[in-house]
Amino acid sequence: MASTEEIRSSLAEIVNEIAGIPVEDVQLDKSFTDDLDVDSLSMVEVVVAAEEKFTVKIPDDEVKNLKTVGDAVAFIERAQNG
Amino acid sequence: MTGTINTSTGAANTAVLGIGSYRPRTVVPNSVILEQIESSDEWIQTRSGIKERRWAEDDETVLMMSVEAAKQALADSGVDPAQIGCVIVSTVTHLYQTPAIATRVAVEVGAPTAAAFDVSAACAGFCYGIAMASDLVRGGSAKYVLAIGVERLSDLTDRTDRSTAFIFADGAGAAVVGPSDEQGIGPVVWGSDGTQYELISQKENWQEAVDSNNWPHLRMDGNPVFRWAVYEMAKTAQQALDVAGVTLDQLDLFVPHQANMRITDAMHRALKLPGHIKVARDIERQGNTSAASIPLAITAMRDSGEAKSGDLALIIGFGAGLVYAAQVIRLP
């Protein structure tokens, strides 16, 4: 099972590929919209890429609760363990 | 009970023989949109890629725009209008439930006795029209078919809705489909998903509009539409290539319905298109013209020299319904 850091690091690569944000900026305490400038459409792309990468399902209703990178990493961890 | 019925025989191969379009005269920059919504030019461009669009004036009716685009397509094809056996108009903004505008278009273009009907397939309308036109010619029901996509979406746009006011626009495009020595229209990959009927729709039906004295407007649920358009439609686009037997190496142009630049960009990534394929980005200057967007984009690419006769183009339309259709065509 992937560690928190492994998930964060993979997610950072996805955010980098889609939104062009430097991977080192994608830290657990960062807000997708306020700190990283990832808007709602880019967030859809990030979510779809994360679903494929981590083999999890992130429902549309859940996406609005994923405000920070840490929220997303925690969701993915729970989904993988669930 | 002894009689037999003859079958019709059509052309073995079909192609798009001519393409035309009509762009309304009035250019509407984002600054005009911003007079009625709280937003910014930067936000609109970041969210949609749209810098300006065109809105039809009073005389630029659905009929007038259709006829202008059709005449251009006919001239491009060299086909005598009297040879047109069927006229198909795809539109959601001809404001008469009946009769179909296609009958008047037929008269105006010089095909006064052609079979004529309208199609309601929203932003997939042009590709639906091409699919039917090709099958009508192959089946022998018409020698030549005129397929038109036309919209005056500005009539159904809520100019105070900050999520849609900047998107919708007006225009027309047309294609002449007929017999050809070699196949110029790939098999269509099409379908619908009525479980997502609510995602893009007219807010009120006409009865509700009359009762409440509110003109009906279009509404859209942006994020789920984006997800469906990018990921499901990328699969549909790939299938259209596969059934046509055309590889990405052989493809020259990718012309998706001009819904939103972000959708085009994300589809481009999802399809992993090689660098030599030119991608239609007419939305920047034209906005989202629904059924008209694909032929408008093709003519723009032709005018700029990006597209040329003989190029293989992957076209895909998708929108309210949800409905979708994709095929590979060879440009005339």
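Two residues are in contact if their C-beta atoms, placed from the backbone, lie within 7 Å. The model is predicted, so local features need pLDDT of at least 70 and side-chain atom pairs pLDDT 80 or more, while totals for chains, interfaces and linings use all residues. Residues are numbered from 1 along each chain as its sequence is written, and chains are lettered from A and ligands numbered from 1 in the order in which they are written.

**Exercise 1.** State how many residues of domain 1 of chain B are in contact with domain 2 of chain B.

*Solution.* An automatic or database domain assignment gives chain B domain 1 (14-179) and domain 2 (189-330). The centres of these domains, taken over C-alpha atoms, are 14 Å apart. Across the boundary, 46 residues of domain 1 touch 42 residues of domain 2. On the domain 1 side, 23 are nonpolar, 13 polar and ten charged (Ala, Val, Leu, Ile, Met, Phe, Trp, Tyr, Cys and Pro count as nonpolar, Asp, Glu, Lys and Arg as charged, and the others, Gly among them, as polar).

**Exercise 2.** Determine how helices α7 (residues 222-244) and α8 (residues 261-271) of chain B are oriented to each other.

*Solution.* The helices are DSSP runs (H or I, at least four residues), numbered from the N terminus. Their axes, lines fitted to C-alpha atoms over the stretch in contact, with angles from 0 to 180 degrees between N-to-C directions, lie 9 Å apart at about 45°. The pair is therefore oblique (under 35 degrees is roughly parallel, over 145 roughly antiparallel, 65 to 115 roughly perpendicular, and the rest oblique). Among the residues making this contact are B:F226 and B:M233 of α7(B) and B:I263 and B:M267 of α8(B). By class, the contact has twelve nonpolar, one polar and one charged residues.

Methods:
Helix = DSSP H or I, 4+ residues; strand = E, 2+ residues; numbered from the N terminus.
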